[in-house]
Number of protein chains: 2
Amino acid sequence: MGRRSDHTRDELREIIIREGHRQMEEAGFARFSAREVAKRIGYSIGTLYNVFGSYDHLILAINGRTLDLWLAYLERRLAGVEDDRLHVAVDAYFQFALDHRHAWTALFDFRLPEGEAPPEDYAVKLTAIVDAVEREVASELPPEHADKAPALTRSLLATVHGHCFFALNGTFELLGVTDPLGTALERVRDALDRYRQNRE
Amino acid sequence: MGRRSDHTRDELREIIIREGHRQMEEAGFARFSAREVAKRIGYSIGTLYNVFGSYDHLILAINGRTLDLWLAYLERRLAGVEDDRLHVAVDAYFQFALDHRHAWTALFDFRLPEGEAPPEDYAVKLTAIVDAVEREVASELPPEHADKAPALTRSLLATVHGHCFFALNGTFELLGVTDPLGTALERVRDALDRYRQNRE
DNA sequence: TATTTTATTGAACGGTGTATAATTGTGTGC
DNA sequence: GCACACAATTATACACCGTTCAATAAAATA
């Protein structure tokens with residue numbers, strides 16, 4: 001068969017990503033299959049490779065979609081909130097991960113070949129999330145420490161990530177930790193206290 | 001061929017784990033292949049399945065070996081150290097991950113099927129590492145807060161893990177973070193200050 | 001020595017990502 | 001209106017993967 005003007009290239013791209021993301025949410029990274037995605041949308045496997053070039057690029061596109069959803073969720077949660085916005089942001093981190101277990105986990109299961117950098121649009125999506133959190137961190141810092149916001153934001157994200165990761169992968173359950181979110185929030189508060197009390 | 005008394009079952013187990021671990025360090029979780037391990041030790045793929053029962057159990061055995069090496073390294077680093085032992089422990093966390101990138105990452109890339117618990121000996125190995133760190137955390141806490149050591153240890157491990165993970169998977173590089181270890185150590189100090197200053 | 005037990009094999013199966021030659025519908029120029 | 005060129009799509013082939021299992025051969029037992 002030849003050209004099938006049902007869809008433009010971009011529409012097809014969108015269809016594949018949508019179904020791919022659904023697949024990722026259902027099956028998880030380990031069981032994800034590009035062939036299965038092709039089958040479900042009624043295209044052949046070859047078409048996926050014409051559109052994305054490789055398995056890795058398909059995964060990057062799907063993970064990019066997850067980042068989009070993540071940022072949108074974060075902004076929705078923060079909209080209109082006046083008090084404790086950073087608290088809400090951390091809670092949203094956990095809640096999104098719990099609501100999209102497999103897709104969220106896939107963000108960290110996938111790794112590019114050594115030395116290869118992620119495409120720019122992927123980096124942009126990630127940075128957008130970090131920037132959104134950075135705004136909340138900055139507003140919690142006293143003005144004289146405003147310059148600490150970027151570095152502190154990245155450290156707090158790592159901190160929260162560690163707690164969230166251990167909560168989802170069963171490590172905390174194995175170790176008897178019962179309130180990962182509450183614990184993560186304690187660590188965030190501890191870090192902010194460093195600057196609120198003018199130590200160092 | 002039939003019984004080949006070159007090795008006992010346990011010796012063969014050991015041989016497979018040793019070569020499997022080597023393979024894991026070289027290729028990483030995504031490219032790891034049980035068939036390749038079999039080929040390299042001169043046994044057939046069927047034999048691996050007779051010994052371990054499944055791919056998952058083979059991986060668990062290899063990851064268990066990584067945990068053994070991790071604990072041994074941590075103890076070696078702490079041996080004879082008198083000051084700043086917790087600092088050394090955190091440094092050892094990072095250094096082991098860097099020295100055994102692929103094997104360390106595989107600990108977190110691998111996930112058992114939903115609802116399945118890891119075998120007890122795996123849990124024991126993990127707990128041993130946590131306990132070793134807990135001793136150092138406890139010795140940093142004032143006596144009146146000794147009861148906080150278990151929960152705080154698990155939280156600090158998650159904190160350090162998050163920083164180490166982002167350092168290794170390229171996230172920090174993408175975000176311009178230059179000193180992941182130093183940043184993690186700051187977060188550890190912040191958490192300890194909560195109890196050293198008698199807040200809350 | 002005959003028989004049972006046990007370790008080991010390797011082929012078969014259904015799945016994967018990847019590459020590419022062949023095919024077919026569409027749009028263009030004559 | 002028709003032939004041609006283009007571009008999208010497919011089907012097939014390939015080399016791998018984890019998994020299963022009947023067949024086999026060597027050691028242990030009787």
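Student: How many disulfides does a search of the whole structure find?
Tutor: The search finds 0 disulfides over all chains, a disulfide being a pair of cysteine sulfur atoms within 2.5 Å. Keep in mind that this is a predicted model, where local features need pLDDT of at least 70, side-chain atom pairs count only at pLDDT 80 or more, and totals for chains, interfaces and linings use all residues. Residues are numbered from 1 along each chain as its sequence is written, chains are lettered from A and ligands numbered from 1 in the order in which they are written, and side-chain values use heavy atoms, with hydrogens and water left out.

Student: Is A:Cys164 buried or exposed?
Tutor: A:Cys164 is buried, with a relative accessible area of 0%. Buried means under 20% relative accessible area, exposed over 50%, and partly exposed in between, using a 1.4 Å probe and protein chains only. B:Cys164 is buried too, at 0%.

Student: What does A:Trp104 touch?
Tutor: Leaving out residues up to four places away in sequence, A:Trp104 touches several residues, including A:Cys164, A:Trp70, A:Tyr93 and A:Phe165. Contact here means heavy atoms within 4.5 Å.

Student: Which residues have the most contacts inside the largest nonpolar core?
Tutor: They are A:Ile16, A:Tyr93, A:Trp104, B:Ile16, B:Tyr93 and B:Trp104, and that core has 133 residues. A nonpolar core is a set of buried Ala, Val, Leu, Ile, Met, Phe, Trp, Tyr and Cys residues joined through side-chain atoms within 4.5 Å.

Student: Switching to the fold: how many helices and strands are there in chain A?
Tutor: Chain A has 10 helices and 0 strands. Both are DSSP runs numbered from the N terminus: helices are H or I with at least four residues, strands are E with at least two. The C-alpha trace of chain A spans about 70 × 40 × 35 Å along its principal axes. Of the 200 residues in chain A, 51% are buried.

Student: Okay, the interface. How many residues of chain A are in contact with chain B?
Tutor: There are 42 in chain A, in contact with 42 residues of chain B. The two chains bury about 3,500 Å² between them, with 57% of it on carbon and sulfur atoms. Buried area is the accessible area (1.4 Å probe) that two parts lose on being put together, summed over both.

Student: What is the count of salt bridges between the chains?
Tutor: The count between chain A and chain B is 4, where a salt bridge is a side-chain nitrogen of Lys or Arg within 4 Å of a carboxyl oxygen of Asp or Glu. One salt bridge joins the side chains of A:Asp190 and B:Arg194, at 2.7 Å from N to O.

Student: One more. What's the phi of A:Asp84?
Tutor: Phi of A:Asp84 is positive, about 55°, although the residue is not a glycine. Most residues other than glycine have a negative phi. A:Asp84 sits in the loop between α4 (55-78) and α5 (85-99) of chain A, and is exposed, with a relative accessible area of 52%.
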